[in-house]
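The structure comes first, and the text follows it.

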Amino acid sequence: MTYDEALKSGIAYLEKHSVPNAHFDAEELLLYLAKFSKADFLMHRIDEIPENLENDYVLLLEQRGQRIPLQHIIGEQDFMGLTFLVNSDVLCPRLDTESVVERALQLAGKYENPKILDLCTGSGCIAISMYHFLKQEKKKISVDAVDLSEKALEVAKKNAFSNRAYIEFYQGDLFEPLTTEKKYDMIISNPPYIPSRVIDGLMPEVRDHEPRTALDGDEDGLKFYRLISEQAKNYLAPGGCLVYEIGFNQGEDVSEIMNELGYKNVSIEKDLAQNDRIAYGFL
């Protein structure tokens with residue numbers, strides 16, 4: 001069997017098991033095993049695939065056919081041009097969240113030596129990306145990150161090390177492990193925001209393989225926006241900014257929460273798919 005034949009077989013297998021983006025995933029798994037770039041694959045497509053690699057490919061296809069996320073099988077995900085370790089202890093970084101980070105970077109530009117806090121950090125992708133790009137512009141930057149999950153923080157710490165980001169990590173429930181003595185110029189959070197009743201209807205990759213605690217936003221999906229918006233006032237410096245990732249239909253509700261709590265210039269912005277994705281306001 002050639003590499004090209006193996007790929008066609010892989011695509012057919014994933015399509016049979018109703019895996020979304022079957023062609024992309026089958027190709028990614030083969031490139032990962034063969035340690036090929038796409039250019040390498042084109043050069044070797046009619047070469048015979050080694051038997052051991054073919055057997056390994058079948059095993060990975062079976063995992064993907066069971067709807068284990070591609071990122072969990074490969075063990076990593078690109079985000080903001082950086083590479084992040086991922087597993088079942090954290091949410092896989094998503095393209096939607098890049099829109100949040102890009103806006104947060106622009107907003108952080110107004111602060112001379114920004115002090116930033118990332119709540120519900122998960123894989124650390126937001127905190128690490130903020131550090132990476134702001135460090136190129138600022139003489140001094142401080143980034144702290146908090147998560148309730150010890151296992152998630154283990155992943156985040158590895159990602160910080162591999163991306164040379166100096167992040168102070170804290171384990172606890174939202175602001176619980178922090179002191180109000182330190183004030184932040186920006187607090188960012190991608191909190192759990194999916195209504196509890198919706199979770200069982202999500203794609204198997206998300207429902208069955210990502211941590212429910214990172215998804216479940218309680219009955220209406222707004223629990224953490226209420227909690228964080230109220231408590232953040234004790235940790236933001238005057239003129240500080242609170243930035244959220246929000247669900248596609250939560251813009252009006254999150255805006256109302258922030259306005260009622262006294263945040264100024266509250267804005268809701270869209271992602272590349274033109275869905276509401278970013279909420280921010282100033283103290």
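## Helix packing

Helix H1 passes helix H4 in a right-handed crossing. A crossing is right-handed if the near helix is turned clockwise from the far one by less than a right angle, and left-handed if anticlockwise. The model is a predicted one, in which local features need pLDDT of at least 70 and side-chain atom pairs count only at pLDDT 80 or more, while totals for chains, interfaces and linings use all residues. Residues are numbered from 1 along each chain as its sequence is written, and side-chain values use heavy atoms, with hydrogens and water left out.

Helices (H or I, at least four residues) and strands (E, at least two) are DSSP runs, numbered from the N terminus. The axes of H1 and H4 (residues 51-65) come within 10 Å and cross at roughly 20 degrees. That angle makes H1 roughly parallel to H4. Axes are lines fitted to C-alpha atoms, for helices over the stretch in contact, and angles run from 0 to 180 degrees between N-to-C directions. Angles under 35 degrees count as roughly parallel, over 145 as roughly antiparallel, 65 to 115 as roughly perpendicular and the rest as oblique.

On the H1 side, the contact (heavy atoms within 4.5 Å) is made by Tyr3, Ala6, Leu7, Gly10, Tyr13 and Leu14. H4 contributes Leu53, Tyr57, Leu61, Glu62, Arg64 and Gly65. The residues of this contact of H1 with H4 divide into eight nonpolar, two polar and two charged. Here Ala, Val, Leu, Ile, Met, Phe, Trp, Tyr, Cys and Pro count as nonpolar, Asp, Glu, Lys and Arg as charged, and the others, Gly among them, as polar.

Helix H6 (residues 95-108) and helix H7 (residues 125-135) have axes that come within 10 Å and cross at roughly 40 degrees. H6 and H7 are therefore oblique to each other. H6 also passes H7 in a right-handed crossing. Thr97, Val101, Ala104, Leu105 and Ala108 of H6 meet Ile126, Ser129, Met130, Phe133 and Leu134 of H7 in the contact. The residues of the contact of H6 with H7 divide into eight nonpolar, two polar and no charged.

## Cysteines

How many disulfides does the structure hold? It holds zero, a disulfide being a pair of cysteine sulfur atoms within 2.5 Å. The sulfur of Cys120 is 12 Å from the closest cysteine sulfur, in Cys125, which is too far for a bond. Cys125 is in no disulfide either, and the nearest cysteine sulfur to its own, that of Cys92, is 10 Å away.

## Accessibility and backbone

Relative accessible area under 20% means buried, over 50% exposed, and in between partly exposed (1.4 Å probe, protein chains only).

| Residue | Relative accessibility | Class |
|---|---|---|
| Lys8 | 54% | exposed |
| Lys35 | 72% | exposed |
| Met80 | 13% | buried |
| Cys120 | 23% | partly exposed |
| Cys125 | 8% | buried |

Lys8 has its place in helix H1 (residues 3-16). Its C-alpha atom is separated by 46 Å from that of Gln171, 163 residues apart along the chain.

Most residues other than glycine have a negative phi. Lys35 is not a glycine, yet it has a positive phi of about 55 degrees. Lys35 lies in the loop between helix H2 (22-34) and helix H3 (38-44). Met80, not a glycine, has a positive phi of about 55 degrees. Met80 is found in the loop between strand S1 (76-79) and strand S2 (82-85).
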